[in-house]
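Hi,

Here is the structure I promised to send over. Have a look at it first, and my notes follow below.

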Amino acid sequence: MCIAAQCRWSVAVATAMALMLLTGCGSSSSGSGQSITLYNGQHEQTTDSLVEGFEKQTGIEVNVRNDDEDTLADEIVTEGSNSPADVVYTENSPALEYLQGKGLLAPVDSSTLAHTPSKYNSPQGDWLGVSARVSVLIYNPSLIGASELPRSVTELADPKYGGKLAFAAGETDFQPIVTSYAHTYGEAAALKWLEAIKSNAGSHVYPDNETIADEVNRGAVAFGVVNQYYWYRMRAELGASNVPSKIAYFAPRDPGYVLDVSSAGMLKSSRHQADAQKFLAFLVSRQGQEIIAHSISFEYPIASGVGTATPETPFDQLQPNPITIPELGDGSTAIALLRKSGLL
């Protein structure tokens, strides 16, 4: 999660690119005069561009509250029917699955769900997938060669990587990897694995993926586990000549090669449901997906047939672990294991 105090990449660039995209679209219409409140656990660079496009198109004001997705989900549960939130937008699906399990989400319009492949939406139809990213290894070639990198996530526990590995245990992006490992090998094996990678990382257990990217890039640690878009954003900000680090993928379908789906849903308690549904529809519309594709989000658009316009590996060439949205669940298994290992 990247909130204002943590982000190192320019929101201004994202906003400018979104404005260029929207210029001449001719999609503005008279709004309802309403406003909605968005609880945003997604990166601000992504959300700011989308909100600007939606407000321009509809005239509906979006009041945004930014925080970590797990913090926002817990607050929504505490607030219950009194929550001021109309829509919640997260980096990963488990937070939405958690809220769905609490009975706090309303069904998304079927016409909106149809824009995203069903495997990336809530099986119950209470939230929808907006964009995706995959876990990768970021490494510094001056410290470790590509051939020396682990091919499987299980190898991160090998003592030969002692002092060379970095990861962010507290990041919600890391939880799906833990869930994937536990789903494949069992919880007992996952706990043993976590204890081993904690030992290997030592002082390189960082608070977030931005820190991992920075530390690997400057040569403070050999390699780390992040989602691919952190590296692309860093390169866009610093320039390719200032980014000696590279990224590599785990072996196809490895449990560490996880596709995460950024998701959004409407609260059952929303007092502006018609406008909230319009916002959800905008996120997966061609216009919304083009904003994602052409901004410095560097996430993969997954709806309305829009492809990424960035120099990333094409989405249809990715080969992640085929774990499903229901199998990723609400993140509770990963959180419990991380706590048992002393990483949370």
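Which residues have the most contacts inside the largest nonpolar core? They are I138, L156, F174, W193, L194 and F223, and this core has 71 residues. Strand β5 (residues 128–139) gives the most to it, with six residues. A second, separate core of 25 residues includes A106, M266, V284 and I292. By nonpolar core I mean a set of buried Ala, Val, Leu, Ile, Met, Phe, Trp, Tyr and Cys residues joined through side-chain atoms within 4.5 Å. Buried is under 20% relative accessible area, exposed is over 50%, and partly exposed lies in between (1.4 Å probe, protein chains only).

Before you read on, please note that this is a predicted model, in which local features need pLDDT of at least 70 and side-chain atom pairs count only at pLDDT 80 or more, while totals for chains, interfaces and linings use all residues. Residues are numbered from 1 along each chain as its sequence is written, and side-chain values use heavy atoms, with hydrogens and water left out. Helices (H or I, at least four residues) and strands (E, at least two) are DSSP runs, numbered from the N terminus.

Back to L194: leaving out residues up to four places away in sequence, L194 touches F174, V178, L337, L338, S341 and L343 (contact means heavy atoms within 4.5 Å).

Two of those neighbours turn up again in a helix pair. Helix α6 (residues 175–185) and helix α13 (residues 332–340) pack at an angle of about 95°, with their axes 8 Å apart. That makes α6 roughly perpendicular to α13 (65 to 115 degrees; under 35 is roughly parallel, over 145 roughly antiparallel, and the rest oblique). Axes are lines fitted to C-alpha atoms, for helices over the stretch in contact, and angles run from 0 to 180 degrees between N-to-C directions. Q175, V178, T179 and A182 of α6 meet T333, A334, I335, L337 and L338 of α13.

Helix α3 (residues 69–79) and helix α4 (residues 93–101) pack at about 10°, with axes 9 Å apart, so α3 is roughly parallel to α4. Here E69, A73, D74, I76 and V77 in α3 meet A95, Y98 and L99 in α4.

Finally, T90 sits in strand β3 (residues 87–90) and is buried, with a relative accessible area of 1%. Not counting residues up to four places away in sequence, T90 touches G41, Q42, E69, A95, L96, S262 and S263.

Best wishes
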